[in-house]
Amino acid sequence: MLEWPRLCQHLSTFAATKRGTLAAQALVIPETEAASVNLLTQTQEADWLEQHNSGLNFGGIRDIGTAVERAYRQGLLSGEELLAIATTLHGARQLRRTIDAQPPEDIPVLQDLVADLSTHPELEQQIYHCIDDRGDVTDRASPKLGEVRDRLKSTRQDIQQRLQRILQRQAGAMQELLITQRGDRFVLPVKAPQKDAVPGIVHDASASGATLYIEPQAVVELGNRLRQLLRQEKTEEDIVLRQLSDAVAEVYDDLTHLLAVVTELDLAHARARYSLWLEANPPRFVAPQEQTTLRQLRHPLLVWQQRHEQGPEVVPINLLIRPELRVVAITGPNTGGKTVTLKTLGLAALMARAGLYVPAREPVEIPWFGQVLADIGDEQSIEQSLSTFSGHIRRIGRILAALGGGESEVGAVGEVGGVGGVGGGAMEEVSVFSPHPHTHTSTHPHTYTPTNALVLLDEVGAGTDPTEGTALAIALLKHLAQRARLTMATTHYGELKALKYQDARFENASVEFDEATLSPTYRLLWGIPGRSNALAIARRLGLNAGVIDEAAALMAMGSQDDVNQVIAGLEAQRRNQEARSQEAADLLAATEKLHQEVQHKADMLRDREQELKLQQQAAVQQAIAEAKRDIAKVIRRLQQGDATAQDAQRATEAVDAIAQSRLPAAAATPAKPGYRPAVGDRVRIPSLGQTAEVLTAPDDDHRITVRFGLMKTTVSLADIESLRGEKAEVPVKTKPVDTVPAAQAAPPAPAIRTSRNTIDLRGMRVAESEAVLEEAIAQGSGALWIIHGHGTGKLKAGVHEYLKRHPQIQRLEPAAQADGGTGVTVAYL
């Protein structure tokens, strides 16, 4: 009913081996949630391999199950079968190596699966030694076989030579100048009238009788010897094949386990590839108190039809089922997608249970259903005198029996056929009780605990009088609400739509109908019931307009029209709310995007600030270290002779100069001038660390009265700033303009090359030159002329690299042409 075998057929197309294909076509569904979780983990790990390692390679794997079984029963294997076993052993070993090469934390389940896999390389080598690529036994398989084949070769050559001589002597008697065979005997095509020219044995004749195939008497003895050698060869080959077959039989258990593991790997690989092709996501099995979440759920068979058979676009549905819900009644027009919704949910439950991904948007959260029971379609039978209603009732009876209801509640339920259910394997007729039946038949329904089952009912209560059908459907759904984890039922009965307002375990859903185009949209809507829209569909299908108008008039006379108007109003309200919800979602998405951009920029600024702080700290630490070294040099110079007051003064000046040159100056934050506080403004007093309110305007002494807390005080304008960091503007008293121009700062004196600021590094190594440069930089000022010459360029490059890293070097430039050009570098301190 759910077309599960068809889905399994689709899955099998993604298998890589014959056994994997057959296993996928008869896919076994686990009996426990733990087994399903294990299969899902295998699928996820195979998916990881597909994404990170191009998947698993099943090259060389053959279906050797029949051959291994025959060898175990003392059968003789052929060369081709033995070769298939060898290639399968090699392919399985490659699979294990691929899996073992991955990080253990990424694919632990698959690694455990192949951990005890025995691939018997010695058996593989033995087979390859005795069997060639064509499946024939090789000459090296046994010494006696090699000897027999050498004699066969020699005998054939003798026969060929004798026949060639006869061909040359009796060319006129030959129909054709060639040597051919009949059976294992070499013969010549002789013209029938001239058969006496070539005495021998006639083995065959042409259809016309004009040609006789004669084995000349001269080679008959050699032909007999050849036949004996061929029999010996066959005997020796059988001996080799027997030995190899016995070797295969000895490792029967290992080979059987190997086939099972390889098939399981192929199934996991097929599930991963099929799930990837479906653009599906891994499900999570939820507890009874958690919500079922299936957003944008698509029917997998419709996806296949769309992509492979040019079918229509698949319309996804949303299933968000609260944990307290037990029954969902789906209403709406015919051909609107109600039945497809049931099948989609049923297939999703089975796919998750079988270790497949579910074609829905993340997160995929679904209960583990131990049973999936369905009554979908019509079971009319003329042979069994079953009407539509009778067929539905028999199916529903077997569903209740499978849930543990018992015959006393539903009548005879043991008859054959009817309900489609999926338990431990493929689709089967439910005629057995569930694994955990409730055997008591209490008259208090609330004492039952719901079984972990999903029940799908199509057109519940249909096929009989609407009044009785409605009553039966209501009673049935209330019964299922106590027995099953979740029941989804489609109906046209309006009374079932009211159950939601009487019982919190019930919910309404409907399939949308576009009244403008008079066609369904196949969207599933939650919370409100739908209308059947029978008249609109009949009009679209071309029914007589007069009949439709009369039916509309008859409906207007009843109360049903009022209900439809209420439903229409609810649908209009829903569409309005959906439009507003979409607008809000778009605004939220834009806001989130803006927030992410701002957050990204803020993170970048923080990172840049942290980087600058680290750089500044590193520069300070380096400057301190350099200063300590320079000060130590000054102290050593003082200690080398008698220290005088003048020496101490010079040392002090040297230390001050080091502090000025080494330690980085703190960058002062420029104040923002031009602020004039007004009465009532809030200002900041940095010296007191307080924020205060201005009470008076500035007086002649540029002072104002402020208040913070319960205290008042008078402060100068120079002591306050605005909350934005602006300094208060303090008027400056004017002074008489001095007619004498202020002395302008003298420009820095140009650097002049002398013998004291010139260093000759020619002939030195880079390491030696660095020590000389360090001392010259410590003692020098202004600029240094460094002679390094051209040479190989290594000294020049090393000097430049060292100077660029030195914190006291401001810049470098080549010397003037008169001072040596590019052979001399000028370093400015």
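In which loop is H702 found? I looked this up before anything else, bearing in mind that the model is predicted, and I found H702 in the loop between β19 (690–694) and β20 (703–708). I then checked the accessibility of H702 and noted that the residue is partly exposed, with a relative accessible area of 23%.

I made the corresponding entry for Q310, which sits in the loop between α11 (300–308) and β7. Phi of Q310 is near 55°, again a positive value in a residue other than glycine. Is Q310 buried or exposed? I recorded a relative accessible area of 67%, and because the cut-off for exposed is over 50%, Q310 counts as exposed.

I found 4 strands in an open sheet, ordered β5-β9-β6-β7, with mixed pairing. Its edges are β5 (283–285) and β7 (317–321), each of which pairs on one side only. Ignoring direction, I noted that neighbouring strands of this sheet are turned by 25° against each other on average. Looking at one pair in detail, I saw that β5 and β9 (residues 361–366) run in the parallel sense over 3 bridges, and that P283 stands opposite V364 in β9. Strand β9 also holds P363, and I wrote down that the peptide bond from E362 to P363 is cis, with omega near -5°.

My next entry concerns another open sheet of 4 strands, which has antiparallel pairing and the order β1-β2-β4-β3. Here the edge strands are β1 (180–182) and β3 (200–205), each pairing on one side only, and the twist averages 50° from one strand to the next. I followed the pairing of β3 with β4 (residues 211–216), where the two strands run antiparallel and are joined by 5 bridges; within this pair, V202 has I214 of β4 as its bridge partner.

Which helices pack on this sheet? I found helix α8 (residues 143–169) touching β2 (185–191) and β4, with a direction that makes about 10° with that of β2. Helix α9 packs on the sheet as well, touching β2, β3 and β4, and its direction makes about 145° with that of β2.

I stayed with α9 (residues 220–250) to look at its packing with helix α4 (residues 65–72), and I recorded an angle of about 100° with the axes 8 Å apart. Since angles of 65 to 115 degrees count as roughly perpendicular, α4 and α9 are roughly perpendicular to each other. The contact is made by V68, A71 and Y72 on the α4 side and by S245, V248 and A249 on the α9 side.

My last check was on the length of helix α15 (residues 466–483). At 1.5 Å a residue, its 18 residues should span 26 Å, and I noted that the end C-alpha atoms are 25 Å apart, which agrees. I also listed buried residues of α15, among them G469, T470, A473, L476 and L477, together with H479, L480, A481, Q482 and R483 towards the end of my list.

Definitions and conventions. Residues numbered from 1 in each chain as written. Predicted model: local features only at pLDDT ≥ 70, side-chain atom pairs only at ≥ 80, totals over all residues. Heavy atoms only, no water. Expected span 1.5 Å × (residues − 1). Buried < 20%, exposed > 50% of the residue type's maximum accessible area, 1.4 Å probe, protein only. Axes fitted to C-alpha atoms, helices over the stretch in contact; angles between N-to-C directions. Parallel < 35°, antiparallel > 145°, perpendicular 65-115°, else oblique. Contact = heavy atoms within 4.5 Å. Pairing = 2+ DSSP bridges.
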